[in-house]
Amino acid sequence: MTDIRNIVILTGAGISAESGIDTFRDAGGLWEQHKVEDVATPEAFARDPDLVLRFYDMRREAIQTKQTNPAHEALARLDEHWDGDLLIVTQNVDDLHERAGSQIGLEETRVLHMHGTHLNAWCTACDVRSPWRTTLIDRPACPECGERALRPDVVWFGEMPYEMERIYAALREADLFVSIGTSGAVYPAAGFVQEAKALGVPTLELNLEPSQGSAWFDEARHGPASALVPQWVDEVLSSD
Ligand code: APR
């Protein structure tokens with residue numbers, strides 16, 4: 001590990017599972033409780049905005065009651081002590097990476113929410129994203145322009161994820177790509193390991209079980225993130 005300077009980490013719902021936040025595709029997961037086409041597409045929002053807003057109001061309230069777990073805290077420790085480049089690309093819309101201490105006080109954040117965040121509201125009239133901790137069902141006015149045109153700042157199926165250019169640029173500079181707690185079911189995130197491989201970047205999977213893209217990884221460790229991630233971070237920091 002001695003020659004590793006630049007690390008790109010992809011996280012998914014599995015890293016927040018032990019904090020009590022449902023994953024999407026595991027048994028009893030969100031997409032068993034709700035149909036994607038009813039709550040997570042622009043078409044669903046156009047068809048039944050109340051159903052969609054109520055769903056995200058419920059999620060936004062729920063994540064604010066959850067606490068970080070040792071996996072989030074270990075990545076925050078890595079973030080604090082790693083003097084190489086580090087980018088944590090999360091598919092998660094919770095704020096547990098930040099609450100664990102990642103990226104505090106840095107000009108350019110080292111946590112990138114490629115699928116958006118529950119704790120912002122996005123105004124479709126003035127295109128401004130505002131911090132938001134309460135509900136949207138009552139169509140509150142946009143703090144910026146006053147229009148009642150707020151929607152969840154979450155990337156729905158069929159919409160383009162955020163900051164893709166920055167992610168690919170970081171992969172091009174990476175010496176290691178690590179994937180934590182994701183099933184590899186959703187592109188473009190599921191394709192990052194192939195991109196890394198094509199660039200000759202070593203790849204590591206930390207997941208409860210083999211993901212759909214497991215075969216692409218040079219190394220895979222399976223078990224709960226709360227055990228695997230602190231152990232891996234200790235290895236990296238002790239080799240630094
Ligand atoms: N520790 C480590 N991994 C875990 C744990 C745990 N405690 N619990 C579950 N996992 C793993 C599961 O084995 C599974 O591979 O986390 C993964 C969760 O997969 P998904 O539920 O599919 O979540 P994710 O991969 O993040 O979904 C990707 O799909 O629905 C969309 O936009 C949504 O960002 C999301 C994207």
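Which polar backbone atom lies 2.8 Å from a nitrogen atom of the ligand? One of Ala225 does.

Before going on, a note on the model. This is a predicted model, in which local features need pLDDT of at least 70, side-chain atom pairs count only at pLDDT 80 or more, and totals for chains, interfaces and linings use all residues. Residues are numbered from 1 along each chain as its sequence is written, and side-chain values use heavy atoms, with hydrogens and water left out.

Now the ligand. An oxygen atom of the ligand sits 2.7 Å from a polar backbone atom of Phe24. In the side chain of Glu18, an N or O atom is 2.9 Å from a nitrogen atom of the ligand. The protein buries 95% of the 740 Å² that the ligand exposes when taken alone; these accessible areas come from the Shrake-Rupley method with a 1.4 Å probe.

Around the ligand there are 23 residues, each with a heavy atom within 4 Å of it. Phe24, Arg25, Trp31, Thr182 and Ser183 are the closest.

Next, the domains, whose bounds come from an automatic or database domain assignment. Domain 1 covers 7-20 + 68-115 + 161-239, and domain 2 covers 22-65 + 118-154. Both domains give residues to the shell around the ligand, so the ligand lies between them. Their C-alpha centres are 25 Å apart.

Finally, the two domains touch each other: 14 residues of domain 1 are in contact with 14 of domain 2, contact meaning heavy atoms within 4.5 Å. One salt bridge is counted between the domains, that is, a side-chain nitrogen of Lys or Arg within 4 Å of a carboxyl oxygen of Asp or Glu.

Terms used: Polar contact = N/O pair within 3.5 Å; in protein donor to acceptor, adjacent residues only side chain to side chain.
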